[in-house]
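Subject: Structure handover, with notes

Hi,

Here is the structure I promised to pass on. Have a look at it first, and then read my notes below.

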Amino acid sequence: MRSFAPVDPKRSLLMGRIRQRGTSAELIVGSALRELGASYRLNVRSLPGSPDFANRRRKWAVFVHGCFWHHHTGCRRATIPKTNEAFWREKFVSNRSRDARAIKVLRKAGFRVAIVWECLTSDPSRLRAKLSNILEPS
Ligand SMILES: [Zn+2]
């Protein structure tokens with residue numbers, strides 16, 4: 001990632017937090033997984049895309065995606081900043097294609113993969129349904 005548009009210090013601070021861990025969305029997903037009786041590792045760097053939660057033995061991985069950074073299609077949180085709009089569009093496209101690549105590789109390796117969008121974490125029952133789907137393969 002070497003594409004940096006001129007940014008003000010405040011924004012570059014924000015950008016440095018792209019990979020910030022322990023956001024509230026992640027905390028919610030972690031507790032939902034524990035409630036479902038799943039055991040997991042956090043931020044599994046040895047797997048493609050460093051899933052936020054994964055269990056290698058049971059072959060599942062969960063990515064928690066911020067709606068802004070990963071540009072959730074159709075989501076009201078997926079805004080495009082008016083300043084440096086072209087830069088942001090390119091950034092979102094590259095984030096999304098990186099996500100897609102990692103997921104493809106994981107699925108090929110036999111993993112069940114769930115993408116949990118940040119906005120889904122405010123809906124506990126849909127979140128649980130999504131997670132149980134990959135924890136208990138049909
Ligand atoms: Zn969203």
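Let's start with a definition you will need throughout: a residue is buried if its relative accessible area is under 20%, exposed if over 50%, and partly exposed in between (1.4 Å probe, protein chains only). By that rule, Arg 128 is partly exposed, because its relative accessible area is 33%.

Before going on, two notes on how to read this. This is a predicted model, so local features need pLDDT of at least 70 and side-chain atom pairs count only at pLDDT 80 or more, while totals for chains, interfaces and linings use all residues. Residues are numbered from 1 along each chain as its sequence is written, and side-chain values use heavy atoms, with hydrogens and water left out.

**The overall layout**

The chain has four helices and four strands, and along the sequence they come in the pattern α-α-β-β-β-α-β-α. Helices (H or I, at least four residues) and strands (E, at least two) are DSSP runs, numbered from the N terminus. Of the 138 residues, 39% count as buried. The chain exposes about 8700 Å², with carbon and sulfur atoms supplying 52% of that; accessible areas come from the Shrake-Rupley method with a 1.4 Å probe, and for residues only the protein chains shown count as cover.

A contact means heavy atoms within 4.5 Å. Among contacts between residues at least 6 apart in sequence, 56% join residues at least 24 apart.

**The zinc site**

Which residues hold the zinc ion? The protein donors are Cys 67 (SG), His 72 (ND1), Cys 75 (SG) and Cys 119 (SG), at 2.1 to 2.4 Å from the ion. Donors here are N, O and S atoms within 2.8 Å of the metal (3.2 Å for Na, K and Ca); water is not among the atoms, so sites may look incomplete. Along the sequence, the spacing of the donor residues reads C-x4-H-x2-C-x43-C.

The angles among the four donor atoms run from 101 to 114°, and the site is tetrahedral. Four donors get that label if all angles lie between 85 and 135 degrees. For orientation, the ideal angle for four tetrahedral donors is 109.5 degrees.

In the loop between strand 3 and helix 3 you will find His 71, whose phi is near 50°, a positive value in a residue other than glycine. Asn 84 lies in the loop between strand 3 and helix 3 too, and has a positive phi of about 55° without being a glycine.

**Salt bridges**

How many salt bridges does a search of the whole structure find? There are three, where a salt bridge is a side-chain nitrogen of Lys or Arg within 4 Å of a carboxyl oxygen of Asp or Glu.

One of them brings us back to Arg 128: Glu 35 pairs with it, and the closest N and O atoms are 2.7 Å apart. Glu 35 lies in helix 2 (residues 24-35) and Arg 128 in helix 4, so the pair ties together parts that are 93 residues apart in sequence. Glu 35 counts as exposed, because its relative accessibility is 57%. Leaving aside residues up to four places away in sequence, Arg 128 touches Glu 35 and Leu 36.

Another salt bridge joins the side chains of Arg 77 and Glu 118, at 3.3 Å from N to O. This pair links distant parts of the chain, 41 residues apart: Arg 77 sits in the loop between strand 3 (60-65) and helix 3 (85-108), and Glu 118 in the loop between strand 4 (112-117) and helix 4.

Then there is Glu 85 with Arg 89, at 2.9 Å from N to O. Both lie in helix 3, four residues apart, about one turn of the helix.

**The nonpolar cores**

A nonpolar core is a set of buried Ala, Val, Leu, Ile, Met, Phe, Trp, Tyr and Cys residues joined through side-chain atoms within 4.5 Å. The largest has 16 residues, and those with the most contacts inside it are Val 29, Leu 33, Trp 60, Val 62 and Leu 131. Helix 2, strand 3, strand 4 and helix 4 each supply at least two of its residues. A second, separate core of 14 residues includes Ala 54, Ile 103, Val 113 and Trp 117.

Happy browsing!

Notes. Tetrahedral: all angles 85-135°; square planar, octahedral: opposite > 155°, others 65-115°.
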